[in-house]
Amino acid sequence: MVLLSHTQLPSQMNTRKYSFSTAILLLLYVLIPRDSAVSLAQPISFSSSAYDGAFIADRRCYDPEDDEGTSSMSSATCKNQTRRGTAVAEDCLVWSKECSEAVLSIARRPEMGEWLRRVRRRIHENPELAFEEYETSRLIREELDLMQVSYRYPLAKTGIRAWIGTGLPPFVAIRADMDALPIQEAVEWEYKSKVAGKMHACGHDVHVAMLMGAAKILKTREHLLKGTVILIFQPAEEAGNGAKRMIQDGALEDVEAIFAVHVSHEHPTGIIGSRPGPLLAGCGFFRAVISGKEASAYNPHRSVDPVLAASAIVTSLQGIVSREANPLDSQVVSVTSFNGGDNLDMIPDTVVLGGTFRAYSNASFYQLIERIEQVIVEQASVYRCSAEVDFFEKELNIYPPTVNDDRMYEHVKKVSMDLLGASNFREVPPMMGAEDFSFYTQVVPAAFFYIGIRNETLGSTHTGHSPYFMIDEDVLPIGAATHAAIAERYLLEQG
Ligand SMILES: [Zn+2]
Ligand SMILES: [Zn+2]
């Protein structure tokens, strides 16, 4: 659809066209007086309707004193340039288009794009599972050291809480998860996972790289921050409730709002998607042991039959959603496992059954937990059996719903539209998947959003957790800029 024409812009800018235009500008700089070089460089620009010009390499200004020789700014930001290589749009006391462009100008520097890809590929090659993210965490800390960003480590075993800004309130957090999945990568490419049976199949390598890119942007603009940005790198999103452990270890100390992004194969590269209110379902599992009394099948009166009791339980569990839940409040209860004896001539003494449940609101989620237990225990007793129900809370395998705060959602929407163009934001439907970002949403106002990675040409069309999952790396600078703008602008307008 609108996919390829505009999503390729960042990489074009970062490679071929950039080097061509840089060469011309350098030549102009050598051959003619400096004042003239700016105006003569004007014809070299790129355009895109899809991004409303926001992510376009507008090369009307060139700073030959920039060490990296890479600054790329609009004429407006050039005029306001007060530091070498840094665009300062009227100090951004009031957020303007120039402020968005200044953030983008840092994100779209070629060396930024290359660094982001390098970081992401190093993490992708060395995937680490939940609470084992030692090398990933080390890499992040090494890069933060190079950026001279302060941090606290460890939280939740491998997690990091870094900060940029005044050190004073307000505090706003942006978060990335670091863990990989126990999946064998089936994508054949140069930076394929080097660890058998482990893969970044959910894009958490991308989340880390984008958050580090945001750190780089925010560090460059630290003198403009009207408070403190907290960067949270958390372990164990896929399993183990890493977010919960991070909160217990103080990740949200002083934080008044938090934001996070997840890559999505459903949207073209760079498209931002979110919604107010419930975005992702709460997810939990249950396992019940129904105990009766064993007896020969031909003497059923001597048994207390758990098979009959468990069968009635399965039927009764269906009534929770179909007869107790508001049909406009989506919920699921599914029994997925049922195991009794293995002797066809004996009534067993126990049956073990289990399943999963989902809900979109916290109230419905915790109501389901209560009712599932009640139905199982009470129904078992009707048949003279006893029952014990386990919700795996000890194993940290329970995720509340991810519910976006309306004001934080509006903030993400406004920042994204101003940064990337109105057509690059979408309100998306809720999904039945779950995400442990939900634990943060229970503590402070929060918003979770998606960023598209879908590029038909590259083949980045596979769902997360697929062994064929891959991403369009052009998303990296866009995600970094979005993170940074959301945080900086929050401090300016919402703090
Ligand atoms: Zn995942
Ligand atoms: Zn994920």
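Me: How many bridges join strand S8 (residues 282-291) to S13, and in which sense do the strands run, parallel or antiparallel?

Reply: Five bridges join S8 to S13, and the two strands run antiparallel. Two strands are said to pair if DSSP finds at least two bridges between them, so S8 and S13 qualify with five. Within this pairing, Val-289 stands opposite Glu-388 of S13. Helices and strands are themselves DSSP runs, of at least four residues (H or I) and at least two residues (E) respectively, numbered from the N terminus.

Me: What kind of model is this, and how are its parts numbered?

Reply: It is a predicted model, in which local features need pLDDT of at least 70 and side-chain atom pairs count only at pLDDT 80 or more, while totals for chains, interfaces and linings use all residues. Residues are numbered from 1 along each chain as its sequence is written, and chains are lettered from A and ligands numbered from 1 in the order in which they are written.

Me: Why is H9 called oblique to H15?

Reply: Helix H9 (residues 204-220) packs against H15 at an angle of about 55 degrees, with the axes 7 Å apart. Angles under 35 degrees count as roughly parallel, over 145 as roughly antiparallel, 65 to 115 as roughly perpendicular and the rest as oblique; H9 is therefore oblique to H15. The contact includes Ala-209 and Gly-213 of H9 and Ala-480 and Ala-484 of H15. Contact here requires C-beta atoms, placed from the backbone, to lie within 7 Å.

Me: How do you know that H15 is largely enclosed by the rest of the structure?

Reply: Of the 19 residues of H15, 17 are buried, so the helix is largely enclosed. A residue is buried if 20 or more other C-beta atoms lie within 10 Å of its own, exposed if 12 or fewer, and partly exposed in between, with C-beta atoms placed from the backbone. H15 (residues 475-493) reaches 26 Å from its first C-alpha to its last, close to the 27 Å expected. That expected span is 1.5 Å times one less than the number of residues.

Me: Why is Cys-92 called buried?

Reply: Cys-92 has 22 other C-beta atoms within 10 Å, so it is buried. Cys-92 lies in the loop between helix H5 (75-79) and helix H6 (97-107). Leaving aside residues up to four places away in sequence, Cys-92 touches Cys-99, Leu-224 and Leu-492. Cys-92 and Arg-489 are 397 residues apart in sequence, yet 9.2 Å apart in space, C-alpha to C-alpha.

Me: What makes strand S16 (residues 446-454) mostly covered?

Reply: Nine of its nine residues are buried. Both faces are covered, with Phe-448 and Tyr-450 among the buried residues on one side and Phe-449 and Ile-451 among those on the other. Eight bridges join S16 to strand S5 (residues 255-268) in parallel, and two bridges join S16 to strand S6 (residues 272-274) in the antiparallel sense.

Methods
Axes are lines fitted to C-alpha atoms, for helices over the stretch in contact, and angles run from 0 to 180 degrees between N-to-C directions. Two residues are in contact if their C-beta atoms, placed from the backbone, lie within 7 Å.
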